[in-house]
Structure formats: C-alpha cells, structure tokens
Amino acid sequence: PVFNLIRSFALGPFLVLAYLIGAYIFWKKGKEEYYDEYQLFDVLITSSFWGLVAARLGFILANFSDFGLDILKWFSLITYPGYVGFVGLIVGALILFKSADKRKWDTFEVADFGAIGMSFSAAIIALGTFVNGSAFGNPTSLIIGLTFPGVFDKRHPTQLYAMILYFILFTVLWKLERIYRTFLWYRENRRTAQSGFVFATFCIGFGMITAGMIVVQPASIHIFSIPIDPIIGILSIFTGFFVLFVRSGRTFSFGKKKTALHPPSLV
C-alpha cells in the first residue's frame with residue numbers, strides 16, 4: 001500500500017519539473033531574441049494551461065467508460081491520473097500561435113522556442129510515467145520487457161523508449177536552432193532564412209515518435225474502434241514537411257502557363 005501511494009504521487013513532481021525546464025528553455029530563447037520577458041511568461045502560462053486542460057480532457061474522453069459524468073473523478077489527478085500528451089501539445093501549440101500573433105510577434109520564431117522546450121519536457125514526462133508505472137506497452141518476451149503494477153506479464157517499457165527518443169529530438173532541435181540559417185537549400189536564394197525550421201522539424205520528429213510507438217504500445221485514443229495515434233502522427237509529419245516547404249520560400253507549381261506565339265509586326 002505504501003509503495004502504491006508513493007507511485008500514485010510520483011508523476012506530479014515530474015510534471016512540475018518538465019514544466020519548469022520547458023518554461024526556462026522557452027524564456028531563455030525568447031530573451032536571447034529580445035522579446036519582452038513578462039509577455040513571454042504570459043504567453044507561456046496561457047498556452048501551458050490550456051494544453052494541460054486539453055491533455056486531461058483527451059484522457060477522460062478516451063476512458064469515458066471509467067469516468068462518466070463524475071466530475072470528481074475528472075479532477076482527481078491522484079486517484080485517476082492520466083493525460084493524452086499529443087492532444088495537449090497540439091492545443092498548446094495552437095494557443096501559442098494565437099497569442100504570438102496577437103502581439104505581432106514572429107509566430108514561427110516563437111513556435112521554434114516552444115518546440116525546443118516541449119521536446120525536453122516530453123522526455124521528462126515520459127520518465128515520470130515510467131516511475132508512475134503507467135503508459136506501458138504491449139506484452140513482450142524480449143529481455144528488455146518489464147513487469148508493471150496491475151499486470152502479470154512483461155511489457156515493453158515504452159515510457160523509456162519515448163524518453164530516449166524525445167531527448168534525441170531535443171538535442172537535434174537545440175543544435176539545428178543555431179545552424180539552420182546557414183542551410184542554402186532552406187533559404188532558397190534569400191539573404192536570410194525564415195523562422196519555423198525548428199518547429200517543422202519538431203512536428204516531423206513528434207509525428208514519427210507518435211506513429212511509430214503504435215507498434216509497441218496500445219493507442220491512447222480510439223474513435224469508432226479506429227486508433228487515432230498513428231493518424232495524428234502522420235498528420236504531424238505532413239504538417240512539418242509542409243511548413244518546411246512553405247517557409248523555405250518555395251511554392252507549388254502545377255505547370256507553366258503557355259503564351260501564344262505571334263509573328264513579328266511589320267509596322
């Protein structure tokens with residue numbers, strides 16, 4: 001009983017730590033580009049709050065048979081813990097874009113800052129779910145399989161897989177933020193590169209992780225028995241490539257318009 005009580009409280013400190021470190025990274029990057037510090041915190045708190053609410057609501061909807069209309073269960077984060085991470089990330093990103101646009105900021109540059117912070121936060125949250133003993137994967141006979149509370153067979157420690165993948169993504173984004181402006185293919189003959197490269201790369205990486213994890217982990221959300229996780233992952237990948245394409249200055253061309261040939265005038 002004592003162990004279960006400690007485990008039920010374990011996720012909370014990791015969520016707080018994830019938020020603080022992600023917020024610090026966002027604030028640090030914004031400060032380096034001379035954004036107003038107080039407004040940065042305002043945008044951060046707003047997007048984080050609604051992202052967290054959306055993540056919780058996503059979990060409730062995905063497990064509505066367990067929650068029903070019992071509001072007390074909805075708010076009982078200790079007895080009934082759980083979030084759907086990609087729902088929170090999507091809603092948080094949308095709020096971040098809206099808040100940045102409202103202040104006439106470079107929305108994609110602010111999204112770049114947020115992407116770096118979110119990738120590190122996601123790694124910490126994944127570690128928290130491992131300590132908490134939730135969000136484990138499918139049964140496995142591999143040596144890496146572990147036994148989690150509430151199950152008797154070995155399962156994929158998908159929390160550790162996600163932690164490693166998100167930390168790799170964070171490392172890549174951190175380095176790319178410093179050098180992507182030198183990529184000639186991205187600048188497309190412009191004097192300076194457009195922001196949004198880091199955000200687009202995050203979307204691609206996040207999508208690959210989300211879609212790929214379905215191989216070793218049950219989907220977190222089903223609609224009419226259809227797993228939504230891989231669909232979200234694929235849409236995220238396409239969004240990332242679309243942002244890269246558009247922000248690089250390229251345009252979609254469906255063929256050149258033909259011009260009529262006229263004989264030279266004799267006048």
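## α2 against α5

Helix α2 (residues 37-62) and α5 have axes that come within 7 Å and cross at roughly 150 degrees. The two are therefore roughly antiparallel to each other (angles over 145 degrees count as roughly antiparallel, under 35 as roughly parallel, 65 to 115 as roughly perpendicular and the rest as oblique). Axes here are lines fitted to C-alpha atoms, for helices over the stretch in contact, with angles from 0 to 180 degrees between N-to-C directions. Helices are DSSP runs of H or I with at least four residues, numbered from the N terminus.

This is a predicted model, where local features need pLDDT of at least 70, side-chain atom pairs count only at pLDDT 80 or more, and totals for chains, interfaces and linings use all residues. Residue numbers start from 1 along each chain as its sequence is written, and side-chain values use heavy atoms, with hydrogens and water left out.

On the α2 side, V43, T46, S47, W50, G51, A54 and A55 make the contact, and α5 answers with V87, G88, V91, G92, I95, L96 and S99 (contact means heavy atoms within 4.5 Å). By class that comes to 8 nonpolar, 6 polar and no charged residues; Ala, Val, Leu, Ile, Met, Phe, Trp, Tyr, Cys and Pro count as nonpolar, Asp, Glu, Lys and Arg as charged, and the others, Gly among them, as polar.

## α5 against α9

Helix α5 (residues 85-102) also packs on α9, at an angle of about 165 degrees with the axes 12 Å apart. That makes α5 roughly antiparallel to α9, and the crossing is left-handed.

F86, L89 and F97 of α5 meet F199, F202, F206 and T210 of α9. The tally is 6 nonpolar, 1 polar and no charged residues.

## α9 against α10

Next come helix α9 (residues 197-212) and helix α10 (residues 229-247), which pack at about 160 degrees with axes 7 Å apart. That makes α9 roughly antiparallel to α10, and α9 passes α10 in a left-handed crossing.

From α9, the residues in contact include F197, C203, F206 and M208, and from α10 they include D229, G233, I237 and F241. The whole contact has 13 nonpolar, 6 polar and 1 charged residues.

## The second largest pocket

About 320 Å³ of space lies in the second largest pocket. Of its 14 lining residues, I90, A93, F199, C203 and T239 are the closest to its centre. Elements giving two or more residues to the lining are α5, α9 and α10, and α5 gives the most, with 5 residues. The lining splits into 12 nonpolar, 2 polar and no charged residues.

On a 1 Å grid over the protein atoms alone, a pocket is an open set of points where a 1.4 Å probe fits, with protein on both sides within 12 Å along at least five of seven lines; lining residues have an atom within 4 Å of a point. Points are joined across faces, edges and corners, and the volume is the space filled by probe spheres set on them.

Note on methods. A crossing is left-handed if the near helix is turned anticlockwise from the far one by less than a right angle, and right-handed if clockwise.
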